[in-house]
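Here are some short notes for a colleague who is opening this structure for the first time. Please keep the 3D view at hand while reading.

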Amino acid sequence: MSKILNWLIELDKEFLVFINSHHSPFWDHIMWFASSQAGWYPLYAFIIILLIIKYKKKSWWLIFLIFPLILISDQIASSILKPLVMRPRPSHTPGMEDILHYVNNYRGGEYGFVSSHAFNVFSLTFYLYFTVRKKLKWLLYILFPWAILVAYSRMYLGVHFATDIIVPILLCIPISYGMSRLYFYGIAHFPFYTKPKIN
């Protein structure tokens, strides 16, 4: 068992080095933007406006539940898993930290398992997949590529291993699904609006 685990750890390292080594000034700018949370704001503002236009009064439950969803995802990643597992980021791993390419000398915090970026962006993506895929199917063709780009950028920048990315993607699916069920329950039992009475 230990041999398999050691093999997986080494494979994780080799894959990260492979991703990180394929860099250029152009992709440095793209990946830095994808990882920068400030770069997310225009897209998320667009999504919120779109939900309001499409769902009107029903959009309030849809948007309201995004906040606890992201809070839960972020806390699981940052306050539970990172201090519990205490796995160093590649940028803080002896034997790796000096061979990686860094953009703007960014190396992140000490621990990297799991990626908060990946957890948050995929939680939102799967939540909207479970709730709006029938009315806004085309939006998913934007959200999933964007989530993949954000997750990939974390490896490109040398601050996360592949397993730091894969695990939160799997963990966020039941959380996002549960929040989507709460949305449908909410609009059915506690609507933010009342239907007009027909005399």
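This is a predicted model: local features need pLDDT of at least 70, side-chain atom pairs count only at pLDDT 80 or more; totals for chains, interfaces and linings use all residues.

The points below go through salt bridges, backbone, aromatic rings and surface patches.

1. Salt bridges in total. How many salt bridges does a search of the whole structure find? The search finds 3.

2. Arg 87 and Asp 12. These two side chains meet in a salt bridge, at 3.0 Å from N to O. Arg 87 sits in the loop between helix H5 (66-85) and helix H6 (116-132), while Asp 12 sits in helix H1, so their contact ties together parts that are 75 residues apart in sequence. Are the two residues buried or exposed? Arg 87 is buried, and Asp 12 is buried as well.

3. Arg 87 and Asp 164. Arg 87 also forms a salt bridge with Asp 164, and here the closest N and O atoms are 3.4 Å apart. Asp 164 belongs to helix H8 (residues 162-189) and Arg 87 to the loop between H5 and H6, so this pair ties together parts that are 77 residues apart in sequence. Both residues are buried. Taken together, Asp 12, Arg 87 and Asp 164 are linked in a network of salt bridges.

4. Glu 10 and Lys 13. The side chains of Glu 10 and Lys 13 meet in a salt bridge of 3.9 Å, N to O. Both residues are in helix H1, and they are 3 residues apart, which means a separation of about one helical turn. Glu 10 counts as partly exposed because its relative accessibility is 40%. Lys 13 has a relative accessible area of 24%, so it is partly exposed too.

5. Backbone in the loop between H5 and H6. Several backbone details deserve a check. Most residues other than glycine have a negative phi, and most peptide bonds are trans. Met 86 is not a glycine, yet its phi is positive, at about 55°. Met 86 is found in the loop between H5 and H6. Its relative accessibility is 46%, so Met 86 counts as partly exposed. Asn 104 has a positive phi near 55° and is likewise a residue other than glycine. Asn 104 lies in the loop between H5 and H6. With a relative accessible area of 56%, Asn 104 is exposed. The peptide bond from Phe 113 to Val 114 is cis, with omega near 10°. Val 114 has its place in the loop between H5 and H6.

6. Aromatic pairs. The structure holds 12 aromatic pairs. One of them joins Phe 26 and Trp 27: the ring centres are 5.1 Å apart and the planes stand at 80°, so this pair is edge-to-face. Phe 26 is exposed because its relative accessibility is 53%. Trp 27, at 40%, counts as partly exposed. Another pair is Trp 61 with Phe 64: centres 5.9 Å apart, planes at 85°, and therefore edge-to-face. Trp 61 and Phe 64 are 3 residues apart in helix H4, so about one helical turn separates them. Trp 61 is buried because its relative accessible area is 16%, under the 20% cut-off. Phe 64 is partly exposed, with a value of 47%.

7. Aromatic cluster. Which residues form one aromatic cluster? They are Phe 122, Phe 126, Tyr 129, Phe 130, Phe 144 and Tyr 177.

8. Nonpolar patch. Ile 4, Trp 7, Leu 8 and Leu 11 make a nonpolar surface patch of about 420 Å². Leu 11 lies in helix H1, which covers residues 2-21. Leu 11 has a relative accessible area of 39%, so it is partly exposed.

9. Positive patch. Lys 54, Lys 56, Lys 58 and Lys 135 gather on the surface in a patch of positive charge. Where does Lys 58 have its place? It is in the loop between helix H3 (41-55) and helix H4 (59-64). Lys 58 counts as partly exposed because its relative accessibility is 33%.

How values were computed
Residues are numbered from 1 along each chain as its sequence is written. Side-chain values use heavy atoms; hydrogens and water are left out. Patches are made of residues with over 30% relative accessible area and no salt bridge: like charges are joined within 9 Å, nonpolar side chains (Val, Leu, Ile, Met, Phe, Trp, Tyr) within 5 Å. Accessible areas come from the Shrake-Rupley method with a 1.4 Å probe; for residues, only the protein chains shown count as cover. A salt bridge is a side-chain nitrogen of Lys or Arg within 4 Å of a carboxyl oxygen of Asp or Glu. Lys and Arg count as positive and Asp and Glu as negative; His and the chain ends are not counted. The place of a charge is taken as NZ of Lys, CZ of Arg, CG of Asp or CD of Glu. Helices (H or I, at least four residues) and strands (E, at least two) are DSSP runs, numbered from the N terminus. Buried means under 20% relative accessible area, exposed over 50%, partly exposed in between (1.4 Å probe, protein chains only). Rings of Phe, Tyr and Trp (its six-membered ring) pair if their centres lie within 6.5 Å; planes under 30 degrees apart count as stacked, over 60 as edge-to-face and the rest as tilted.
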